[in-house]
Amino acid sequence: MRTGTSTFNLQPPFLLKATNISHSFDYPLFENVDLSLKPKESIAIVGVSGSGKSTLLHILSTLLEPKKGNVFLFGKDIYNGTQKDILKIRRELIGIIFQSHYLFKGFSAFENIKVASLLAQKEIDKDLIESFGIKNVIYKKVTELSGGEQQRVSIARVLTKRPKIIFADEPTGNLDKKTADEVMEKVFEYIHLNDAALFLVTHDMELARKCNNVYRLDNRLLVIDN
Ligand SMILES: Nc1ncnc2c1ncn2[C@@H]1O[C@H](COP(=O)(O)OP(=O)(O)OP(=O)(O)O)[C@@H](O)[C@H]1O
Ligand SMILES: [Mg+2]
């Protein structure tokens, strides 16, 4: 039997380390991608539509096994480990903000956040809900919220889990600049206060530049764009 969950390394040099990642669907998307993330570190990935940014995010966040290469999360080689480890990582240690957010549509905003809090056994942070400007809509059904409100609920839901790595795919695409800045400020504050890390996919260069490093997926390679 493989490793118990006690061997997750939450204070390692790297929370995430990816080596030699290659992936293709109908045609090669990227090759030999190496990346790492330390506590308090943030990286942004930019690149034209279709260059493979979301695919890379899915690979690094346990959702898609790459054609080649290894992904280590908290010291575990996730695609050569157990399903139990992957589930534990997904449920408790990482938070994913999807490009199209997957809120439960029949539920209210509050119920969506409550589900995350129950699954991760973490308290709901009322200040967070207040600071995201969603307090007044918290008991509305998801289908009654604007796109930007849904996006803020989905970010609040992820932070409620108190993850060690946040994977965010265009998290502010539906937000006006002021709201986007305020929400992302909270995300950056969160990773600093919690020794967490951020992997951010964005088309917004101004936002990308707030990360420690910016990489571009270009011509099948991941190149630094600082
Ligand atoms: N499950 C899949 N099966 C087949 N092809 C896929 C799949 N997912 C993505 N692709 C293709 O892979 C390429 C990269 O997709 P991806 O979603 O990673 O791009 P992206 O850089 O995130 O683009 P955008 O900026 O538009 O979100 C696209 O050509 C897409 O059609
Ligand atoms: Mg995408």
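1. Helix H5 is mostly covered, with 12 of its 14 residues buried. This description rests on a predicted model. The buried set comprises Glu 149, Gln 150, Gln 151, Arg 152, Val 153, Ser 154, Ile 155, Ala 156, Arg 157, Val 158, Leu 159 and Thr 160. The elements that cover these residues include strand S6 (94-97), helix H3, helix H4 (126-131), strand S7 (165-169) and helix H6 (177-193).

2. The length of H5 is in order. At 1.5 Å a residue, its 14 residues should span 20 Å, and the C-alpha atoms at its ends are 20 Å apart, so the two values agree. Just after H5, Arg 162 adopts a positive phi of about 50 degrees.

3. H3 (residues 109-120) and H5 (residues 147-160) pack with their axes 8 Å apart, at an angle of about 20 degrees. H3 is therefore roughly parallel to H5, as the angle is under 35 degrees. The crossing of H3 over H5 is right-handed. On the H3 side, the contact is formed by Ala 109, Asn 112, Ile 113, Ala 116 and Ser 117, and on the H5 side by Val 153, Ala 156, Arg 157 and Thr 160. Sorted by class, this contact holds 5 nonpolar, 3 polar and 1 charged residues.

4. The other helix pair to examine is H5 with H6. Their axes come within 12 Å and cross at roughly 5 degrees, which means that H5 is roughly parallel to H6. Gly 148, Arg 152, Ile 155 and Leu 159 of H5 meet Thr 179, Val 183, Val 187 and Tyr 190 of H6. By class, the contact has 5 nonpolar, 2 polar and 1 charged residues.

5. Leu 175 deserves a separate comment. This residue lies in the loop between S7 and H6. Leu 175 has 19 other C-beta atoms within 10 Å and is therefore partly exposed, since a buried residue needs 20 or more. Leaving aside residues up to four places away in sequence, Leu 175 touches Gly 148, Gln 151, Ala 180 and Val 183. Of these, Gly 148 and Val 183 also take part in the contact of H5 with H6, and Gln 151 is among the buried residues of H5. The C-alpha atom of Leu 175 is separated by 33 Å from that of Glu 31, a residue 144 places away along the chain.

Terms used
Residues numbered from 1 in each chain as written. Chains lettered and ligands numbered in written order. Predicted model: local features only at pLDDT ≥ 70, side-chain atom pairs only at ≥ 80, totals over all residues. Axes fitted to C-alpha atoms, helices over the stretch in contact; angles between N-to-C directions. Helix = DSSP H or I, 4+ residues; strand = E, 2+ residues; numbered from the N terminus. Parallel < 35°, antiparallel > 145°, perpendicular 65-115°, else oblique. Left-handed = near helix turned anticlockwise from the far one by under 90°. Contact = placed C-beta atoms within 7 Å. Nonpolar A, V, L, I, M, F, W, Y, C, P; charged D, E, K, R; others polar. Expected span 1.5 Å × (residues − 1).
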